[in-house]
Amino acid sequence: MIRHLVLFKLNEGVRRDDPRVVEGEAAFRSLGGLIEELRFWELGWNISDRPIAYDFAINSAVEDADALKRYIEHPAHQAGVALWREFATWVVADYEF
C-alpha cells in the first residue's frame, strides 16, 4: 500500500470561506467515493494556530504505484488540482506502508 499525503497552504489573503476555496474543497471531498483506486480517503482543515502549520490536509491510500498514477491522472483529481492551483500551494509525500 502507498500512503499519499498532501498539505495545502492558502495563498496570502485567501480565506477558507472564499468561494474558490469552498468549491475546491467540495471537489476534493467528492473524490473519496468517486475514484475506485482510493482505499482510504480523509481530508480536513487544520485546527492548529502554529505558524508552521499548513491549512488543509488530504490523507489517502492506494494499493500500489500504478494505482497512484491512475488516481493522479484521473480527470476528477486533475479538475480539483486545477481549482486549488488558483489559490494555494502544496507539498506531497508518498510512502509505502
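This is a predicted model: local features need pLDDT of at least 70, side-chain atom pairs count only at pLDDT 80 or more; totals for chains, interfaces and linings use all residues.
Two aromatic rings of Phe, Tyr or Trp, the last taken by its six-membered ring, are treated as a pair if their centres lie within 6.5 Å. The search of the whole structure returned 10 aromatic pairs. One of them joins Phe8 and Phe56, whose rings are tilted, with 5.9 Å from centre to centre and 55° between the planes. This pair links distant parts of the chain, since Phe8 belongs to strand S1 (residues 2-10) and Phe56 to strand S3 (residues 56-62), 48 residues apart. Both partners are covered: Phe8 is buried with a relative accessible area of 3%, and Phe56 is buried at 1% relative accessibility.

A further pair is formed by Trp45 and Trp84, with ring centres 6.5 Å apart. The planes of Trp45 and Trp84 stand at 35°; because angles under 30 degrees count as stacked and those over 60 as edge-to-face, the pair is classed as tilted. Here too distant parts of the chain are linked, with Trp45 in strand S2 (residues 40-45) and Trp84 in helix H3 (residues 75-84), 39 residues apart. Trp45 and Trp84 are both buried.

Aromatic rings also take part in arrangements with charged side chains. The charged end of Arg3 sits over the ring of Phe97, at 4.4 Å from the ring centre. In a corresponding arrangement, the charged end of Lys9 sits over the ring of Tyr54, with 5.3 Å to the centre of that ring.

Strands of a sheet pair through backbone hydrogen bonds, either parallel or antiparallel. In this model the sheet has 4 strands in the order S2-S3-S1-S4, and the pairing is antiparallel. S2 and strand S4 (88-96) stand at the edges; each has a single partner strand, so one side of each is left without a neighbour in the sheet. Neighbouring strands are turned against each other by 10° on average, direction ignored.

The pairings can be followed across the sheet from S2. Strands S2 and S3 pair in the antiparallel sense over 6 bridges, and Leu43 stands opposite Ile58 of S3. S3 is joined to S1 by 7 bridges, again with the two strands running antiparallel; Ile2 stands opposite Val62 in S3. Between S1 and S4, which also run antiparallel, there are 9 bridges, and Val6 has Val92 in S4 as its bridge partner.

Helices lie across this sheet. Helix H1 (residues 19-29) lies across S1, S2 and S3 and runs at about 160° to S2. Helix H3 lies across S1, S2, S3 and S4, running at about 140° to S4. The buried residues of H3 are Ala76, His77, Gly80, Val81 and Trp84. Viewed down the axis of H3, these buried residues fall within an arc of 140°, so they line one face of the helix. An α-helix has 3.6 residues a turn, so residues three or four places apart point the same way. The elements that cover the buried residues of H3 include S1, H1, S2, S3, helix H2 (65-73) and S4.

Not counting residues up to four places away in sequence, His77 touches Phe28, Leu31, Ile35, Tyr71 and Ile72.

Ala88 lies in strand S4 and is buried, with a relative accessible area of 6%. With neighbours within four places in sequence left aside, Ala88 is in contact with Lys9, Leu10 and Asn11. One of these contacts, Lys9, is the residue whose charged end sits over the ring of Tyr54. The C-alpha atoms of Ala88 and Pro75, 13 residues apart along the chain, are separated by 20 Å.

Conventions:
Residues are numbered from 1 along each chain as its sequence is written. Side-chain values use heavy atoms; hydrogens and water are left out. Buried means under 20% relative accessible area, exposed over 50%, partly exposed in between (1.4 Å probe, protein chains only). A charge sits over a ring if NZ of Lys or CZ of Arg is within 6 Å of the ring centre and within 35 degrees of the ring normal. Two strands pair if DSSP finds at least two bridges between them. Axes are lines fitted to C-alpha atoms, for helices over the stretch in contact, and angles run from 0 to 180 degrees between N-to-C directions. Contact means heavy atoms within 4.5 Å. The arc is that of the directions from the helix axis to the C-beta atoms.
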